[in-house]
Amino acid sequence: MAKITVNENCIGCGACTGVAPETFEIGDDGLAKAINEDVEAGKEAAETCPVEAIEVEE
Ligand code: SF4
């Protein structure tokens with residue numbers, strides 16, 4: 001089962017929510033979190049993340 005996680009490198013820049021708003025949101029802590037397991041969206045966002053905080057497991 002696919003799993004998308006945002007690790008502690010996240011700086012809350014919002015790039016992932018811009019690229020994949022259905023899959024990522026910025027939480028109350030100002031950091032991103034994945035809200036579903038859309039692998040394609042996760043990979044696309046991972047490519048735009050400036051700090052390599054997005055991990056996609058298939
Ligand atoms: S693109 Fe990366 S650093 Fe920016 S909010 Fe998303 S996970 Fe965090």
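Me: Why is Glu 52 called exposed?

Reply: Glu 52 has a relative accessible area of 64%. Exposed means over 50%, buried means under 20%, and partly exposed is in between, using a 1.4 Å probe and protein chains only. So Glu 52 counts as exposed, at 64%. By the way, this is a predicted model, where local features need pLDDT of at least 70 and side-chain atom pairs count only at pLDDT 80 or more, while totals for chains, interfaces and linings use all residues. Residues are numbered from 1 along each chain as its sequence is written, and side-chain values use heavy atoms, leaving out hydrogens and water.

Me: Where does Glu 52 sit, and what is its phi?

Reply: Glu 52 is in the loop between α2 and β4; helices are DSSP runs of H or I with at least four residues, strands are runs of E with at least two, and both are numbered from the N terminus. Its phi is near 50 degrees, a positive value in a residue other than glycine.

Me: What about Cys 49, buried or exposed?

Reply: Cys 49 is at 14% relative accessibility, so it counts as buried. Cys 49 is in the loop between α2 (39-48) and β4 (54-57).

Me: What makes Cys 49 part of a nonpolar core?

Reply: A nonpolar core is a set of buried Ala, Val, Leu, Ile, Met, Phe, Trp, Tyr and Cys residues joined through side-chain atoms within 4.5 Å. The largest one here has 11 residues, including Cys 49, Cys 10, Cys 16 and Ala 32. In soluble globular proteins, nonpolar side chains tend to be buried together.

Me: What does Ala 32 touch?

Reply: Setting aside residues up to four places away in sequence, Ala 32 touches Val 6, Cys 10, Cys 16, Glu 25 and Ile 26. Contact means heavy atoms within 4.5 Å.

Me: Which residues come nearest to the ligand?

Reply: There are 14 residues around the ligand, and Cys 10, Cys 13, Gly 14, Cys 16 and Cys 49 come nearest. To be near, a residue needs a heavy atom within 4 Å.

Me: How many residues of that shell are nonpolar?

Reply: The shell has 12 nonpolar residues, two polar and no charged. Ala, Val, Leu, Ile, Met, Phe, Trp, Tyr, Cys and Pro count as nonpolar, Asp, Glu, Lys and Arg as charged, and the others, Gly among them, as polar.
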